[in-house]
Amino acid sequence: MSRMRVSGRLSGKVEAMPSKSMAHRAVLCAALSGGESRISHIAFSRDIQATIACAKALGLADFSFAGDKLRVIGRPRTVAEEALLPCGESGSTLRFFLPLSCLLAKKARFVCEGRLAERPLEPLKSLLMEKGVAWPGSHEVSGRPAAGTFEIAGNVSSQFISGLLFALPLLEGDSVIRLTTPLESAGYVELTRQMQAAFGVRSEWKSERELLVPGNQTYRPSDVRVEGDYSHAAFFAVAGQIGGEIAVSGLLPDSRQGDKAVLEILARMGGNIEIQGETVFSRPSLLSGTVIDAAQIPDLVPILAVAGAAAKGETRIVHAQRLRIKESDRLAATAAELAKMGAEIEETLDGLVIRGGRPLHGAEIDSHNDHRIAMAAAVAAGLAAGETVIGGAECVAKSAPQFWEEFRSLGGNAVEQ
Ligand SMILES: O=C(O)C1=C[C@@H](OP(=O)(O)O)[C@@H](O)[C@H](O)C1
Ligand SMILES: C=C(OP(=O)(O)O)C(=O)O
């Protein structure tokens with residue numbers, strides 16, 4: 001486990017890394033297309049490597065890499081006898097491949113690392129079983145679901161809905177996904193639909209809770225460029241508020257990524273945020289506390305808690321219950337680690353309350369093996385007097401292997417112990 005000694009306020013320019021969420025989707029759609037697709041501007045984080053490995057395990061495609069480009073050659077579709085899918089710690093990979101693997105292998109077993117094995121698969125599991133899938137082991141499925149109506153709660157993980165969306169177009173009949181509760185993390189479902197559209201696959205919202213997915217569709221090869229990642233850029237957007245000016249380039253202003261909301265939230269807190277084309281300028285500001293509803297933007301919570309710690313007054317983060325089922329219990333981890341640095345922060349059942357403006361000091365931080373906790377702590381270190389040491393700092397590779405390089409390029413000190 002690596003320990004990173006970090007300090008320093010950040011400033012300067014950085015290019016947004018390619019979106020992890022969009023890359024998962026691009027790899028999957030390309031692998032399902034029977035021909036050659038090219039994906040440009042892709043980063044090979046551990047999670048994306050897991051998605052590629054699962055596509056290979058199902059015999060879907062051959063992949064060749066050159067820099068930040070990936071060539072995907074889809075193979076003729078066959079049904080594997082038995083497949084072992086290595087998901088690493090990636091929730092997206094596991095939940096996206098679960099319904100698909102029922103169609104593409106007679107039996108599929110998923111290998112999960114870290115906290116992934118404990119992250120919920122209900123209500124997807126019950127739903128697939130209702131549709132004829134057998135679930136003999138905790139992460140093992142066999143049998144093909146029948147097309148029809150798929151009723152599922154919209155408030156556990158949007159990844160279940162995306163997983164169904166990837167698979168249902170390949171069934172013989174039409175299907176409907178009917179949400180029994182309002183959809184949370186809704187932006188991610190739109191990212192799935194957007195990428196599917198680029199590969200010729202469509203679905204249609206019939207009402208707020210009903211999504212029609214026609215069957216007998218074919219994924220068609222396509223060339224796509226992965227857009228910049230707002231979830232990752234959020235770390236620098238907050239760092240710019242508490243350090244020196246930071247410019248993040250390569251962010252689509254009309255992106256459908258829900259985490260684009262970080263800009264609006266910081267502006268609401270009084271932050272100086274300017275958007276010029278595809279570049280976001282974040283400038284040092286006196287932030288004020290606010291109420292943040294996290295139902296649609298769970299991945300922003302750890303770094304918005306850092307903004308809350310810097311802000312004057314109280315910041316309340318609400319509707320963030322699903323944070324407890326991520327790479328760590330992110331509500332507990334964020335509260336514990338920021339408190340070590342001197343922040344006044346309290347966990348509630350579904351969120352956090354931060355009374356900001358207290359001076360922070362360096363501390364021994366535990367990343368909880370959670371990339372977003374490690375990166376949030378690194379940004380918080382810029383607010384703190386003295387040095388911070390982050391234990392388990394290598395976990396950033398799950399989404400952003402280049403994070404410590406970016407941190408140094410913006411003037412931060414990051415020295416591995
Ligand atoms: O579909 C996706 O790419 C993701 C969906 C979100 O999960 P939930 O829908 O489970 O909140 C998000 O937290 C995750 O990092 C990525
Ligand atoms: C929760 C995350 O990813 P996943 O659910 O794909 O593991 C994340 O990247 O913060």
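Biologist: Leaving aside its neighbours within four places in sequence, which residues is Asp-299 in contact with?
Modeller: This is a predicted model, in which local features need pLDDT of at least 70 and side-chain atom pairs count only at pLDDT 80 or more, while totals for chains, interfaces and linings use all residues. Residues are numbered from 1 along each chain as its sequence is written, and chains are lettered from A and ligands numbered from 1 in the order in which they are written. Two residues are in contact if their C-beta atoms, placed from the backbone, lie within 7 Å. Beyond four places in sequence, the contacts of Asp-299 are Ser-231, Asp-259 and Arg-372.

Biologist: Which feature does UniProt place at Asp-299?
Modeller: UniProt positions are given here in the numbering of this model, with feature names shortened, and the annotations may be inferred rather than shown by experiment. The record is an unreviewed entry, and the feature that it places at Asp-299 is "active site".

Biologist: Is Asp-299 buried or exposed?
Modeller: Asp-299 is found in the loop between strand 18 (291-293) and helix 9 (301-310); helices (H or I, at least four residues) and strands (E, at least two) are DSSP runs, numbered from the N terminus. A residue is buried if 20 or more other C-beta atoms lie within 10 Å of its own, exposed if 12 or fewer, and partly exposed in between, with C-beta atoms placed from the backbone. Because Asp-299 has 26 C-beta neighbours inside 10 Å, the residue counts as buried.

Biologist: How are helix 9 and helix 11 oriented to each other?
Modeller: Axes are lines fitted to C-alpha atoms, for helices over the stretch in contact, and angles run from 0 to 180 degrees between N-to-C directions. The axes of helix 9 and helix 11 (residues 371-380) come within 8 Å and cross at roughly 25°. Angles under 35 degrees count as roughly parallel, over 145 as roughly antiparallel, 65 to 115 as roughly perpendicular and the rest as oblique. Helix 9 and helix 11 are therefore roughly parallel.

Biologist: How many nonpolar, polar and charged residues make up the contact of helix 9 with helix 11?
Modeller: Pro-302, Ile-303, Ala-305, Val-306 and Ala-309 of helix 9 meet Arg-372, Ile-373, Ala-376, Val-379 and Ala-380 of helix 11. Ala, Val, Leu, Ile, Met, Phe, Trp, Tyr, Cys and Pro count as nonpolar, Asp, Glu, Lys and Arg as charged, and the others, Gly among them, as polar. By class, the contact of helix 9 with helix 11 holds 9 nonpolar, no polar and 1 charged residues.

Biologist: Is the crossing of helix 7 and helix 8 left-handed or right-handed?
Modeller: Helix 7 (residues 230-242) and helix 8 (residues 261-268) pack at about 20°, with axes 9 Å apart. A crossing is left-handed if the near helix is turned anticlockwise from the far one by less than a right angle, and right-handed if clockwise. The crossing of helix 7 and helix 8 is right-handed.

Biologist: Why does Leu-352 count as buried, and how many C-beta atoms lie around this residue?
Modeller: Leu-352 lies in strand 21 (residues 351-356). Among the residues that Leu-352 touches are Ala-305, Ile-317 and Leu-331. Leu-352 is buried because the number of other C-beta atoms within 10 Å is 27.

Biologist: What is the phi of His-41?
Modeller: His-41 is found in the loop between strand 3 (36-40) and helix 2 (46-57). Although His-41 is not a glycine, its phi is positive, at about 55°.
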